[in-house]
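Here is a short briefing on a contact between two chains. Have the sequence and the model open as you read.

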Amino acid sequence: MGKILRLVGRRLWQLLPIIVFATFVVFSLLQLVPGDPAVVLAGDYASEQRIAEIRQLYGLDQPFLVQYGVWLLHALEGNLGRSLLTSESVSQLILYRLPNTLLIAVYALVIAGVVGVALGVAAATRVGTRLDAFITGLASLGVALPSFWLAMILVATLSLGLHWFPTTGAAPLLTDPWGAIMHATLPAVALAVGVIAELARQVRSALIEVLNSQYIRTLRAKGLSSGAVLWKHGLRNISVTLLTLLGLQVNRLFSGAVVIEAVFAIPGVGSLVANSALNKDFPVVQGVVLVLVVIVILINLLVDVLSALLDPRAAEA
Amino acid sequence: MTAALDLPVPPQRSRTKAILRWMRRDVRAVVSLSFLLLLLIVSIFAPVLAPYSPIDQDVTQLLLPPSAAPWLGTDDLGRDVLSRLIWGAPNSLYASFLAVGVGIVLGVPIGLLIGFLGGWFDEVTSRFIDALLSFPPIVLAIAVTGALGIGLTNAMLSVGFVFAPVLARLVRAQTLVVKNALYVDAARGFGASTSHIIIKHIVPNAIQPVIVQVTLMLAIALLAEASLSFLSLGVQPPAASWGGMLARAYNYIEIAPEQMYAPGLAILLTALAFNALGESIRVALDPTMKRR
């Protein structure tokens with residue numbers, strides 16, 4: 001246990017500059033807006049007095065780095081400002097909507113993990129066969145398929161045509177779990193397809209490499225069944241690779257969620273960031289981007305620690 | 001001196017022959033390259049090729065299904081779908097190349113520089129790159145677009161900004177490999193300048209994976225443009241874009257579901273072509289995969 005804590009500590013220390021830079025990027029977004037940030041933050045039709053107030057509140061009359069410090073301290077206290085549109089607290093807005101996004105993202109990751117790995121293993125153990133070619137072709141198609149178009153096709157066929165799933169919206173997972181799952185299924189499937197394709201490809205090539213290695217040949221030569229070779233040695237050896245791959249997909253899932261939430265009218269953080277960008281509601285945009293990047297960085301940390309548990313060699317690195 | 005002249009001169013046709021051989025061997029590359037060239041021609045000649053205006057509305061002909069007269073039917077404002085599809089092509093290609101171009105211009109020099117210089121500069125910049133790569137790409141692109149101002153050019157500048165760290169990291173890794181190669185040491189021993197080494201040795205040898213990555217990025221940029229236009233953050237109406245067409249089609253999915261097929265297919269096929277081309281280039285450039 002102590003070893004793991006030390007590892008977490010060391011990784012956190014290594015992640016610190018990344019977190020500082022990432023928050024700095026989020027803060028700097030406001031500087032990209034043409035014009036005076038105070039005027040932007042005050043919103044349309046603000047009085048001179050209001051603009052002066054905002055300037056003082058956010059420390060916008062201070063040097064750039066001081067502004068960043070003020071903003072970061074506020075963010076650490078959970079104060080991400082207020083929406084320019086509805087003047088709701090940004091952290092409340094995000095907290096209310098984040099579960100909907102996490103539900104479809106986790107759901108999609110589970111689907112993609114199961115299907116993607118199964119396809120990758122099936123292709124890698126039958127290299128050069130028709131099945132391998134079929135799966136590889138399917139993966140190429142999946143990578144190029146616009147997820148929101150697939151989502152529209154799913155809505156047209158499965159919900160409007162066959163009425164198997166509700167068309168749009170979301171249900172709270174805690175009070176209406178079945179409704180929540182039904183609402184989240186089509187969005188999760190649409191989100192998962194790109195990830196499935198990516199995982200199938202990567203698992204295929206990683207497993208092919210392992211199965212072609214010397215020690216696997218030795219195991220085969222000594223008469224171990226191909227099932228035992230695959231499960232006990234092949235998959236075990238790519239488990240760390242697999243974990244890293246799954247961790248990397250989180251970024252892709254959050255990206256995809258933005259469009260998928262728009263298609264299914266899901267009140268998540270993805271549709272929130274898109275609408276806020278359209279409406280120039282910058283505190284909300286900054287808040288969502290900040291929360292998502294912190295989640296991604298923490299998941300990277302988790303993947304690192306789990307990899308170290310699976311493979312002691314990874315802990316040394 | 002005459003000995004060199006006596007060497008058999010390669011026949012002039014060998015290049016044509018090589019191309020023909022390549023075309024026979026790599027059908028995928030030929031098909032995708034032809035498709036992309038066709039798309040380029042359609043983009044250039046869109047004003048001539050489109051049967052109708054892409055923006056003229058005709059309220060007497062709304063949401064017509066595909067038929068003999070307007071081949072792909074009309075949209076919810078009575079505009080010709082085929083013409084809008086054709087006019088969407090130049091927007092999509094412009095978007096893809098702009099985003100990837102911005103990514104190259106920002107990412108490649110930075111990658112070369114930090115890879116070549118190393119030291120604390122590399123340490124700090126690499127952490128910054130790690131930080132940028134932690135952002136969900138589309139989310140960051142949307143945030144930057146929102147800040148710069150809504151529109152296709154700003155949207156694709158943002159996507160290019162997201163591409164830059166990916167390319168910088170790739171180029172840095174390649175530069176590190178080449179920098180320590182023996183022939184670079186030799187060049188340095190002969191007194192070659194830093195700029196000479198970067199331009200004559202590092203760039204040509206580090207560039208191959210970059211070419212592959214850049215081709216694959218064209219597909220990612222295309223899909224990003226479609227997504228952003230779908231969210232009305234990219235191409236602005238009434239201009240035509242495939243993603244924007246899908247957004248309109250979605251509003252009428254219950255009464256005219258056939259509206260969504262043509263633009264979706266256009267996006268899918270173009271992305272497939274870019275990806276296939278990238279894979280073919282990867283195989284062609286990779287010496288270990290030559291004898292497949």
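Which residue with a positive phi follows α9(A)? It is A:G223, with phi near 100°.

This is a predicted model: local features need pLDDT of at least 70, side-chain atom pairs count only at pLDDT 80 or more, and totals for chains, interfaces and linings use all residues. Residues are numbered from 1 along each chain as its sequence is written, and chains are lettered from A and ligands numbered from 1 in the order in which they are written.

**The contact between the chains**
- Chain B gives 40 residues and chain A gives 38 (contact: C-beta atoms, placed from the backbone, within 7 Å).
- On chain B, α6 (119-133), α7 (137-148), α10 (194-230), α11 (242-251) and α12 (261-285) each supply at least two residues (helices: DSSP runs of H or I, at least four residues, numbered from the N terminus).
- The largest share of that side, 11 residues, comes from α7(B).
- The side of chain B that touches chain A has 30 nonpolar, seven polar and three charged residues (nonpolar: Ala, Val, Leu, Ile, Met, Phe, Trp, Tyr, Cys and Pro; charged: Asp, Glu, Lys and Arg; polar: the others, Gly among them).

**α1(A) against α7(B)**
- The axes of α1 (residues 2-32) of chain A and α7(B) come within 8 Å and cross at roughly 25° (axes: lines fitted to C-alpha atoms over the stretch in contact; angles run from 0 to 180 degrees between N-to-C directions).
- That crossing makes α1(A) roughly parallel to α7(B) (roughly parallel: under 35 degrees).
- A:L29, A:L30 and A:L32 meet B:A143, B:V144, B:A147 and B:L148.

**α9(A)**
- Helix α9 (residues 214-221) of chain A is hardly covered.
- Among its eight residues, the count of buried ones is zero (buried: 20 or more other C-beta atoms, placed from the backbone, within 10 Å of its own).

Definitions and conventions: Contact = placed C-beta atoms within 7 Å. Parallel < 35°, antiparallel > 145°, perpendicular 65-115°, else oblique. Buried ≥ 20, exposed ≤ 12 C-beta atoms within 10 Å, placed from the backbone.
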